[in-house]
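Keep the structure in view as you read.

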Amino acid sequence: EFVALTLRAAPERTFREVVREGRPCKAYFVLETDPLHRLGRTRIYMLRARFESIWAETVDALWPEAAAENPRVRELVCVDASKSFGPNIYRLRLRFVAPWLTVPSPAHLAPVAARLAAHNELCYKTVKGAVRSL
């Protein structure tokens, strides 16, 4: 029965294939650069710390009642899957999950993602000079 209720065609190929619209989910974000953009390990640590700080500010701004009820909603779990291309040369790939915050559906994460992407510290220039959000 679980499989029958879960397997439905998704309108787009994103995390929504796993978490269906209208169902509760955890906040999940991926910070990633394009394959040609390289960073040093120190810069990755700095970006991780800054993202965690921006996340805490975002939670406080969007869900102050949740943060007051449980301060852990500001916390993130991070998996660093950055790929090494030599001594201190990496392609950034960080995955963040907010395990202590459940949102009613994936649609509630779109404004959060837009708010996070608006921070200049979370942007980079591609090899061709275009500015992208992580």
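## Helix 2 and its surroundings

Q: How many residues does helix 2 have, and what does the helix reach from its first C-alpha to its last?
A: This is a predicted model. Helix 2 covers residues 41-62, which is 22 residues. At 1.5 Å a residue, 32 Å is expected. The reach in the model is close to that, at 31 Å.

Q: Which elements do the buried residues of helix 2 pack against?
A: Buried residues in helix 2 include Leu47, Phe51 and Trp55. Residues three or four places apart on an α-helix point the same way. The partners of the buried residues are strand 1, helix 3, strand 2, strand 4, strand 5 and helix 4.

Q: Is tryptophan 55 buried or exposed?
A: The cut-off for buried is under 20% relative accessible area. Tryptophan 55 has 0% relative accessibility, so tryptophan 55 counts as buried.

Q: What is the angle between the planes of phenylalanine 29 and tryptophan 55?
A: The whole structure holds four aromatic pairs. In one of them, phenylalanine 29 and tryptophan 55 lie 5.6 Å apart, centre to centre. The pair links strand 1 to helix 2, across 26 residues. The pair is tilted, with an angle of 55°.

Q: Which element of the chain has the lowest mean pLDDT?
A: The chain averages a pLDDT of 78. Over residues 10-17 the pLDDT is below 50. Where pLDDT is low, the predicted coordinates should not be read in detail. Among the elements, helix 3 has the highest mean, 90, and the lowest, 52, belongs to helix 1.

Key: Residues numbered from 1 in each chain as written. Predicted model: local features only at pLDDT ≥ 70, side-chain atom pairs only at ≥ 80, totals over all residues. Heavy atoms only, no water. pLDDT = per-residue confidence, 0-100. Helix = DSSP H or I, 4+ residues; strand = E, 2+ residues; numbered from the N terminus. Contact = heavy atoms within 4.5 Å. Expected span 1.5 Å × (residues − 1). Buried < 20%, exposed > 50% of the residue type's maximum accessible area, 1.4 Å probe, protein only. Phe/Tyr/Trp six-rings, centres within 6.5 Å; stacked < 30°, edge-to-face > 60°.
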